[in-house]
Amino acid sequence: MFQPAVPVNKVLEGVHDRTYVLPAIQREFVWSPDQIRALFDSVMRGYPIGSFLFWKVDAAHAGDFTFYEFISDYHEKNHPYAPVTHIPAGHGVTAILDGQQRLTALNIGLYGSHAERQPRKWWNNPDAFPTKRLYLSLGGAAEDDETELDMVYNFRFLTDLEAKGAPDEPNYWFRVGDVLKLANAGPAIMATLEQRNLAGTDPFQLVYDLYHAVRERPTINAYLEESQDANKVLQIFVRVNSGGTTLSYSDLLLSMATNQWKELDARDQVRTLVQELNNTPATFTFSKDLILKVGLILIDVPDIGFKVSNFTQANMAAMEKDWMAIRSTLIRSADLVASFGFTGRTLTADSALIPIAYYLHHHKTAPNYVTSSAGATDRATIRLWLTRSLMKRGIWGSGLDTLLNRLREAVRDAGHDGFPIQAIEAAMAAIGKSLMFEDAEIAELLDLRYGGPRTYPVLANLYPGLDLTKSFHEDHIFPRSRFTRTRLAAAGVDTAQIDEFIAKADGLPNLQLLAGSPNIEKQAILPAAWLQGPHFASPEQRATYVSENDLQGIPDDITGFLEFFDQRRDLLEQRLRAVLGAL
């Protein structure tokens, strides 16, 4: 039923005494400072800010669910998530089904602070996240940037130092939260203006308007849902949130898992795992969507789609029971892929990790699988399959759930004789995702360029003997810095050929994988000179390196680059056909 409208401060009082809480189905706070400022401008102007949807949870049912507090002091790095709140036995609550972002924004503006990373500052810089509070300027109308936001009032997020006025000078910045401390809308306002050395009717009117907007005007309009049927409430929530920023299925799964797991907090477990997987030298960018998809697959749920019907109590119980094994498998899988030299930039399809994780989980691989000598052949087979799948267009795009189901079946049915690459590739070919390469595809691979999404897996597949557990980088054989018009002309390159030199500098035939230290040492040295340097213990080792990397016929200077480029392209084509099994 609809509730009588109430002022903002009355609802926020309920937020702080835990009358109003957030259900687990709510997403994290995502509003920007500009959105918060614009909301307060709307409140000040008496504009509608949308209706709210509340859910009254009786005392008898409140203990069945997990609830969260509202964030007051948002910090993008240290405190981006709402903390869990504990509801005392015998107490009911009102959960916010629609309006979380707006109420959190109002709460931050009136009770808290906001800290986000500043432009051009590193994440680990302690000065990158200054704590700012919301202030209202008592010195006039909105400035230019507020006008661009269609704002009338000049709200700003400032540090306390930025807002502090000079001694004996008028202090125009009024902290918005201080309006809650005013004893009344008359003498108390006059007293605070006097302390700020402000006179005149305009500053008084601005503070009075803020007081009226926050503490007197009935702004919050809400519908109260009183049903205790959690399924009905979830359906209402999904319907209401189908507009605006759509709630992802992974958010729903996290919410339902949080409510149905008995011992662990699903949301905290997934968040922590995502951070652990990504905060490594490989700098992966795995998401909670991937984590939850892996969870569904590893517990062998038949339908792995992100559908509400798949998030049953039985499935969630199975996931919680197996969570520690799932977690270990994901960490091991990420470590394995990192040992192949992949990073967040070069692993262009995160879903490629899933079949690997299922294989490691299904076969109960040992904790030392990634480094054990016994698993070397198996790891090489996985690496071959992974790089091929990332080189081929269209593998990890449409029809992903169908592909993952087929690969799971192939692993499950293949027994325990190592990574079943033949069964897996047969299953892929059966649904039109063959890893065989036609002539046109080989030609396309040979035209790849430096930094492209498929360049690293091609180079890794071309030279499988490299120990990619070390730090390897895509490196130019003829240094990129040499390919300027001035330097090419000075080196004696024909003017008519300079454009072709520059166009081919970033081409695949001029690229190799080079270990981190040699890469740094090589830098702008021409390849013939570098090959004669102190990097090799003997002439035989140098000759082996040249042969293994298709560097035969390296010219002494850059004028022979085009001939070398064409010759190495032919060698790469032969090698690609051999390793890929081109049709």
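Predicted model: local features only at pLDDT ≥ 70, side-chain atom pairs only at ≥ 80, totals over all residues.
Q: How many residues of α15 are buried?

A: Buried means under 20% relative accessible area, with a 1.4 Å probe and protein chains only. Nine of the ten residues in α15 (residues 353-362) qualify, so the rest of the structure largely encloses this helix. They run through Leu 353, Ile 354, Pro 355, Ile 356, Ala 357, Tyr 358, Tyr 359, Leu 360 and His 361. Just past α15, Lys 364 has a positive phi of about 50°.

Q: Which residues touch the most other members of the largest nonpolar core?

A: In soluble globular proteins, nonpolar side chains tend to be buried together. A nonpolar core is a set of buried Ala, Val, Leu, Ile, Met, Phe, Trp, Tyr and Cys residues joined through side-chain atoms within 4.5 Å. The largest one here has 81 residues, and Trp 385, Leu 386, Trp 396 and Leu 576 touch the most other members. A second, separate core of 52 residues includes Phe 40, Met 151, Leu 198 and Tyr 211.

Q: At what angle do α2 and α4 cross?

A: Axes are lines fitted to C-alpha atoms over the stretch in contact, with angles from 0 to 180 degrees between N-to-C directions. For α2 (residues 33-44) and α4 (residues 100-111), the axes come within 10 Å and cross at roughly 90°. That makes α2 roughly perpendicular to α4 (65 to 115 degrees). In contact terms (heavy atoms within 4.5 Å), Ile 36, Leu 39, Phe 40 and Val 43 of α2 meet α4 residues including Arg 102, Ala 105 and Leu 106.

Q: In what order do the three strands of the open sheet lie?

A: Two strands pair if DSSP finds at least two bridges between them. The order is β10-β9-β11, with antiparallel pairing. β10 (155-158) and β11 (173-175) are at the edges with a single partner strand each, so one side of each has no neighbour in the sheet. Four bridges join β9 (residues 133-137) to β10, and Leu 136 has Phe 155 in β10 as its bridge partner.

Conventions. Residues numbered from 1 in each chain as written. Heavy atoms only, no water. Buried < 20%, exposed > 50% of the residue type's maximum accessible area, 1.4 Å probe, protein only. Helix = DSSP H or I, 4+ residues; strand = E, 2+ residues; numbered from the N terminus. Parallel < 35°, antiparallel > 145°, perpendicular 65-115°, else oblique.
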